[in-house]
Amino acid sequence: MDAKERQRRRKKKQRRRKRILNFILLLFIFALIYLFLFKTDIFTIKKIEVTGNKKLNKDTILKASVCGKGENIFKINKNYCQNSINSLAYIKSVEIKRRLPSTLKIEVVEREEVAAIPYIGALVYIDGEGRILNIKEKEGEVELPQIFGLDLVDLEIGDFLFKEDKGKLDFLKSGKENGSLKEMKYINFAKEENLMLELKSGIKVAFGPLENIEYKLNFLVEILKDVEKKDLKVKQILMNKGDNPIVVEEQ
């Protein structure tokens, strides 16, 4: 074997040895990182912040989250925790964020009660998407508009009413957005061709069918502003007699 071949083999061995050493070094670095992240208490959750909650207390959300102090902040499954919190009826959305080294932040957006439905001696509270948020006994005056004329059976918290009834959903959504829902005391869906309303002011409204809902509710808001501005004594507003509503004043 000549000197040139021996030199070539020696360099090949050196390169192989270098690759092995680099691999061992890389494993050592990964091991140190793993030990630093998961085997020390630096990244152990010491504080959990909950923001955005008004209806639900912090403890209820923490219990639902299945995340707790003392866990490693990198080991928690954020999607699992978020899905668990989303199972609460009052939760609309949730986001969990890691604040290194040891703080977990839970940001929630809650659903808002917009109406109540009398049901077997109790009240069913729903949000603007028709989701049942709570079922409880009636206590005192009800500030929210009450909905009548629905055929309801076997209700459970978390259920969505009006899943296939776009008209009623649009009515709740548009009424919430333009503020008219807050002016209503009773909503009667018994006759689909002529929805009947009673406002907190005592004015009765024949709304007509659930068509052009956003336009009609905005029109109703303008009528009520005009009634207040002119200090009119109104007993009825008829929106089921054509394109132009009829305002009936008290005699």
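## Salt bridges and cores: a tour

This predicted model contains 13 salt bridges by the rule applied here.

Start by selecting Asp127 and Arg111, which form a salt bridge with their closest N and O atoms 2.7 Å apart. Asp127 sits in the loop between S5 and strand S6 (132-137), and Arg111 in the loop between strand S3 (103-110) and S4, so the pair ties together parts that are 16 residues apart in sequence. Both Asp127 and Arg111 are buried.

Asp170 is partly exposed at 25% relative accessibility, while Lys166 is exposed at 61%.

Then select Glu198 and Lys204, a salt bridge with its closest N and O atoms 4.0 Å apart. Lys204 is partly exposed, at 41% relative accessibility.

Now turn to the largest nonpolar core, of 33 residues; Ile126, Phe171, Ile187, Leu197 and Ile237 have the most contacts inside it. Elements giving two or more residues to this core include helix H4 (166-178), strand S8 (184-188) and helix H5 (213-230). H5 gives the most, with six residues.

Within this core, select Ile187. Leaving aside residues up to four places away in sequence, Ile187 touches Pro145, Gln146, Ile147, Phe148, Phe171, Leu181, Leu195, Met196 and Leu197.

Finish at a second, separate core of 22 residues, where Phe43, Ile61, Val108 and Leu133 are among the members.

Terms used
Residues numbered from 1 in each chain as written. Predicted model: local features only at pLDDT ≥ 70, side-chain atom pairs only at ≥ 80, totals over all residues. Heavy atoms only, no water. Core = buried A, V, L, I, M, F, W, Y, C linked by side-chain atoms within 4.5 Å. Buried < 20%, exposed > 50% of the residue type's maximum accessible area, 1.4 Å probe, protein only. Helix = DSSP H or I, 4+ residues; strand = E, 2+ residues; numbered from the N terminus. Contact = heavy atoms within 4.5 Å. Salt bridge = Lys/Arg side-chain N within 4 Å of Asp/Glu carboxyl O.
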